[in-house]
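Please find below a few numbered remarks for someone meeting this structure for the first time.

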Amino acid sequence: MKVVAFKRELQGTGASRRLRNSGQTPGIIYGGTEAPVTIALDHNALYHALKKEAFHGAVLDLEIDGKVQQVLLRDFQMHAYKQLVLHADFQRVDANQPVHVKVALHFENAEVSPAVKLHGATISHVTNEIEVSCLPGKLPEFITVDLTNMDVGTSLHASNLSLPEGVTLVTHGSDLTIATASVPAGQVSADAAATEEKK
């Protein structure tokens, strides 16, 4: 994905306010061997890009004055109640250096799992993203979580995920729970009552 930005000379609260009033969002690019650069981005383009999942986890081509550099979106601030992006932070990436990034999880096949199909269970997504390490060129847009074999009372953990080649999990020493399957409490008591009546 491509992002067009402009170098920003003036800094400070007043300058940022004027920038926002003119339909732009202040930002910064940092990391790598170069000094941090303050930038301005078109607010509407940035606002709509932030709604796209890929924008948050993909390596972006950021163009400033005709020169393109590869960056990751690292942070952004939204206004408390207005649809307004206040600031965006981007980090430069080196094609030869691994990056740590949170990648979205896409859950599939819940409806064919024994938990749902046989027991009417609910599969809860404990987390919707996971941190990975890989070279920028190997960064996946998302990771698929296959729920085909989920059954009642079981959990799916980070170690159960199928990762693309060259991508490793950043676990911080724990095997994160990704999804759990459980039968709703009301349904359990109804099933128990039905079993009692059959006796």
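1. Phe6 has Ala40, a residue of strand β3, as its bridge partner. Strand β1 (residues 2-7) and strand β3 (residues 37-42) run antiparallel and are joined by 3 bridges; strands here are DSSP runs of E with at least two residues, helices are runs of H or I with at least four residues, and both are numbered from the N terminus. Two strands are said to pair if DSSP finds at least two bridges between them.

2. A caution on the basis of these remarks: this is a predicted model, in which local features need pLDDT of at least 70 and side-chain atom pairs count only at pLDDT 80 or more, while totals for chains, interfaces and linings use all residues. Residues are numbered from 1 along each chain as its sequence is written, and side-chain values use heavy atoms, with hydrogens and water left out.

3. Strand β1 is also joined to strand β4 (residues 60-64), by 4 bridges, and these two strands run parallel. Within this pairing, Val4 has Glu63 of β4 as its bridge partner.

4. Glu63 also takes part in a salt bridge, its side chain meeting that of Lys2 at 2.7 Å, N to O; the term requires a side-chain nitrogen of Lys or Arg within 4 Å of a carboxyl oxygen of Asp or Glu. Because Glu63 lies in strand β4 and Lys2 in strand β1, the pair ties together parts that are 61 residues apart in sequence. The structure holds 1 salt bridge.

5. The domain assignment divides the chain into domain 1 (2-94) and domain 2 (100-190), with bounds that come from an automatic or database assignment. The C-alpha centres of the two domains lie 32 Å apart, and the contact (heavy atoms within 4.5 Å) takes 9 residues from domain 1 and 9 residues from domain 2.

6. Between them, domain 1 and domain 2 bury about 670 Å², 57% of it on carbon and sulfur atoms; this is the accessible area (1.4 Å probe) that the two parts lose on being put together, summed over both. On the side of domain 1 that touches domain 2, α3 (53-57) and β5 (67-78) each supply at least two residues, and α3 gives the most, with 3 residues.
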